[in-house]
Amino acid sequence: MIRREERKCRTRRVQAALGIALALAGCAGETKDDAAPLLVLAASDLQAAFEEILPLFEAHTGERVSLVLGSTGNLATQIRNGAPGDLFFAANESFLEELIVAGRVDPDTRRIYALGRLVLVAPPGRDTPSKVTSLAAPGFEIVAIANPEHAPYGIAARDALERAGLWDWIQPRLVLGENISQAYQLVRTGNADAGIVALGLVMGAPGGPVPYALVGSELHAPLRQAAGVVTGSRRPEFAQAFLDLVLSPEGQEIMARFGFEPPPAP
C-alpha cells in the first residue's frame, strides 16, 4: 500500500515536469473537486499568450484556472482593497511593488516574467504610422492609447508622445481605452485612425499578426512585467506553480511567440 502511494506521488511529479511541486498537494489529500479554481488576475496584454498557457497548466496539473483580465492599475486597486485572488500578473513592476509594500503580495514570490513592447497600429486597410512622430501627419485625427491614469501601456505611450514632442498637441485627439485591449479594439474597429498598443495583442490577433511598427524603446521606460502570489491566497502552491510555468522554457517560448521579450537574468 505504501509503495503504491509512493508510485502515485512519483508519477505526479513526472507529469508536473515543469519544476512544479504540485504532486505534493495531491498526495496530501486535497481533492480537486473541493477546491475553487486558481484565480489569476492579469494585465490584458497577456490575453493571447495566456489562452495557450492556461490549458497547458490545466493539462499538466488537472487544476482549473479562472482568469480575470484588466488594467493593471484597476486590478491592483481591487487587490489592495481585499478582492480575492491567488496570483497577479502586472504589466509593470511598480504596481506589484506597491502591493508588496501594502502587504498584499508575498515579496518572496516577486518575479519579472517578461518585457513588453509598444507598437503603432492602424485600422485594417489603412497605412500604419512608421514612427511616433508620424501621428502628426494628416489622416491620423484620432489616436487610441490606454488610459495613462492606471494602465502601464498607457503610461508608456504618454512617455513616448512626450519624448517625441507631441503630447500637448495630441491630447485633444486622444481616445482612451480602459485598458490596452480596449485601446486596440478602438483601432481595429475603425473608431481611431491609429493607436499605440501592446505588441502582445497584435501578435495574438485573430487570423494572425496585423501590420505594426515598433515604438523605439528609448522613448519610454522599460515595461518590466512582474508577478507575485497574492497574500492570503488559498492556493499558494498552485499559484507559484503557475508562475513557474510562465517562467519555464515552455512558457517563455509561448510568451516569445506573442512578442514578449524574456526577463533579464537574475
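Me: What is the accessible surface of the protein chain, and what share of it belongs to carbon and sulfur atoms?

Reply: The accessible surface of the protein chain comes to about 12,000 Å², and 53% of that belongs to carbon and sulfur atoms. The model is predicted, and the chain has 11 helices and 10 strands.

Me: How much of the protein chain counts as buried, and what makes a residue buried?

Reply: A residue is called buried because its relative accessible area is under 20%. Of the 266 residues of the protein chain, 52% count as buried.

Me: What share of the contacts in the protein chain with a separation of 6 or more comes from residues 24 or more positions apart?

Reply: Such residues account for 77% of these contacts.

Me: Why are α4 and α5 called roughly parallel to each other?

Reply: The axes of α4 (residues 72–80) and α5 (residues 93–101) cross at roughly 10°. Angles under 35 degrees count as roughly parallel, and α4 and α5 are therefore roughly parallel to each other. Their axes come within 10 Å.

Me: Which residues of α4 and α5 meet?

Reply: On the α4 side they are Thr72, Gly73, Ala76, Ile79 and Arg80, and on the α5 side Phe95, Glu98 and Leu99. By class, this contact of α4 with α5 has 4 nonpolar, 2 polar and 2 charged residues.

Me: Which residues form the contact of α10 with α11, and how do they divide by class?

Reply: Leu245, Val246 and Leu247 in α10 meet Pro249, Gly251 and Gln252 in α11. The classes are 4 nonpolar, 2 polar and no charged residues.

Me: What is the order of the strands in the open sheet, and what makes a strand an edge strand?

Reply: The sheet has 5 strands in the order β2-β1-β3-β10-β4, with mixed pairing. An edge strand pairs on one side only, as β2 (65–70) and β4 (111–116) do. On average, neighbouring strands of this sheet are turned by 20° against each other, direction ignored.

Me: How do you know that β1 and β2 pair?

Reply: Two strands pair if there are at least two bridges between them. β1 (residues 38–43) and β2 have 6 bridges, in the parallel sense. Within these strands, leucine 39 stands opposite serine 66 in β2.

Me: Which helices pack on the sheet, and which strands do they touch?

Reply: α4 touches β1, β2 and β3 (87–89), and its direction makes about 140° with that of β1. α10 (residues 236–247) touches β1, β3, β4 and β10 (223–229), and its direction makes about 30° with that of β3.

Me: What makes β10 a mostly covered strand?

Reply: In β10, 6 of its 7 residues are buried.

Me: How do you know that β10 pairs with β3 and with β4?

Reply: The requirement is at least two bridges. β10 is joined to β3 by 3 bridges and to β4 by 5 bridges. Both pairings are antiparallel. Leucine 87 has valine 229 in β10 as its bridge partner, while isoleucine 112 has alanine 226 in β10.

Note on methods. Residues numbered from 1 in each chain as written. Predicted model: local features only at pLDDT ≥ 70, side-chain atom pairs only at ≥ 80, totals over all residues. Heavy atoms only, no water. Axes fitted to C-alpha atoms, helices over the stretch in contact; angles between N-to-C directions. Helix = DSSP H or I, 4+ residues; strand = E, 2+ residues; numbered from the N terminus. Parallel < 35°, antiparallel > 145°, perpendicular 65-115°, else oblique. Contact = heavy atoms within 4.5 Å. Nonpolar A, V, L, I, M, F, W, Y, C, P; charged D, E, K, R; others polar. Buried < 20%, exposed > 50% of the residue type's maximum accessible area, 1.4 Å probe, protein only. Areas by Shrake-Rupley, 256 points an atom, 1.4 Å probe, with all protein chains shown as cover.
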